[in-house]
Amino acid sequence: MDRAKPYDIPKREVWEAYKRVRANQGAAGVDGQTIADFEADLSNNLYKLWNRMSSGSYFPPPVRRVDIPKDDGKTRPLGIPTVADRVAQMVVKRFLEPLLEPQFHKDSYGYRPGKSALDAVGMARQRCWRHAWVLDLDIRAFFDSIDTDLLMRAVRKHTDCPWVLMYIERWLKAPVQMADGSLIGRDRGTPQGGVISPVLANLFLHYAFDMWMQRNHPDIPFERYADDAICHCRTEEQAVALRDALEKRFADCGLTLHPEKTKIVYCKDDDRRGNHSNHKFDFLGYTFRPRLARRRGGRVGVSFSPAASDKALKIIRQTVRGWSLHERSDKALDDLARMFNVHIRGWINYYNPVS
């Protein structure tokens with residue numbers, strides 16, 4: 001092996017990683033370089049990236065911070081890496097993901113090949129019929145709170161590849177560039193928006209939550225999509241005990257359950273006569289609550305089931321209003337279909353199968 005290149009990273013891997021990044025598109029990072037700009041000198045840019053990664057001299061630039069508005073008036077921070085850095089992260093993701101996938105829990109659904117949010121919603125629907133109580137978990141600022149020492153310990157359980165470990169550590173330490181150009185150092189978290197972040201987040205919660213639940217509460221099923229999780233309990237007492245135990249477990253892992261957003265819900269229907277102040281919860285764009293439905297034998301009754309949430313419907317209405325259809329009278333129906341069908345088809349595909 002070339003002494004100047006101690007790490008054996010095939011050029012083909014950098015090319016395959018680039019194709020994945022190009023397919024995902026995305027905004028420019030701190031250098032202002034778009035994917036089109038990167039492609040203007042593609043061969044040279046990919047060679048330089050491979051050369052630096054193989055020699056160990058690649059250091060990620062700062063991550064550009066963008067604040068995305070939330071419905072509650074607050075913002076969600078996203079970290080946008082440069083195009084070259086997204087390619088580098090994809091190289092590591094392509095190495096790491098096949099090692100982790102077979103180990104992950106079957107009820108972890110987020111950012112995993114062959115699994116989807118709709119799979120999680122469908123399983124939650126079935127389990128709400130079989131279990132009367134739900135513990136709806138909300139982890140406060142999860143991506144920003146990940147303990148990087150614990151995370152690296154988890155990564156080392158699955159690989160000892162030196163360049164993979166080195167680059168993950170560098171990404172975890174890369175500073176964030178704010179809108180005013182100032183740089184903020186980081187000693188915790190992995191930026192939401194990075195290519196490698198979803199895999200690392202899943203790995204962290206695999207040990208902090210999934211495996212802990214399997215060891216300590218094997219009788220309580222759950223669905224987890226990234227940091228959004230629903231646990232199904234048979235009694236209110238079991239749900240309260242689980243919430244208290246998870247508060248301690250997450251504290252041991254450097255995480256905090258949001259006290260207002262974490263709640264216990266009674267899955268009320270015609271067969272459940274008990275009562276509780278909470279009869280609904282939101283999960284992945286759906287609201288689960290008692291609804292009139294056709295039940296066994298054709299009779300109409302109350303079933304605890306999901307439908308598109310008010311928040312999701314509000315976003316859809318805002319999007320449609322933004323199209324200003326009343327100002328597009330010059331367009332034929334075929335033109336309008338080409339412009340907007342991708343949105344409409346996405347909504348139908350996501351909200352029709354479970355409803």
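**Reading helix and sheet packing**

Modeller: Helices H7 and H9 are roughly perpendicular to each other. Keep in mind that this is a predicted model.

Colleague: At roughly what angle do the axes of H7 and H9 cross?

Modeller: Roughly 90°. Angles of 65 to 115 degrees count as roughly perpendicular, hence the label. H7 covers residues 148-156 and H9 covers residues 197-216. Their axes come within 10 Å.

Colleague: Which residues of H7 and H9 meet?

Modeller: From H7, take Leu-150, Leu-151, Ala-154 and Val-155. They meet Leu-200, Leu-203, Phe-204 and Tyr-207 of H9. By class, that contact has eight nonpolar residues, with no polar and no charged ones.

Colleague: Now the sheet. How do strands pair in general?

Modeller: Through backbone hydrogen bonds, either parallel or antiparallel. Here, four strands form an open sheet, and the pairing is antiparallel. The order is S6-S7-S3-S8.

Colleague: Which strands are the edge strands?

Modeller: S6 (222-225) and S8 (263-266). Each pairs on one side only. From one strand to the next, the twist averages 15°.

Colleague: How many bridges join S3 to S7?

Modeller: Six. S3 spans residues 133-138, and S7 spans residues 228-233.

Colleague: Which strands does H9 lie across?

Modeller: S3, S6 and S7. H9 runs at about 170° to S6. Helix H10 (residues 236-252) packs on the sheet too, touching S3, S7 and S8. The direction of H10 makes about 20° with that of S3.

Conventions. Residues numbered from 1 in each chain as written. Predicted model: local features only at pLDDT ≥ 70, side-chain atom pairs only at ≥ 80, totals over all residues. Heavy atoms only, no water. Axes fitted to C-alpha atoms, helices over the stretch in contact; angles between N-to-C directions. Helix = DSSP H or I, 4+ residues; strand = E, 2+ residues; numbered from the N terminus. Parallel < 35°, antiparallel > 145°, perpendicular 65-115°, else oblique. Contact = heavy atoms within 4.5 Å. Nonpolar A, V, L, I, M, F, W, Y, C, P; charged D, E, K, R; others polar. Pairing = 2+ DSSP bridges.
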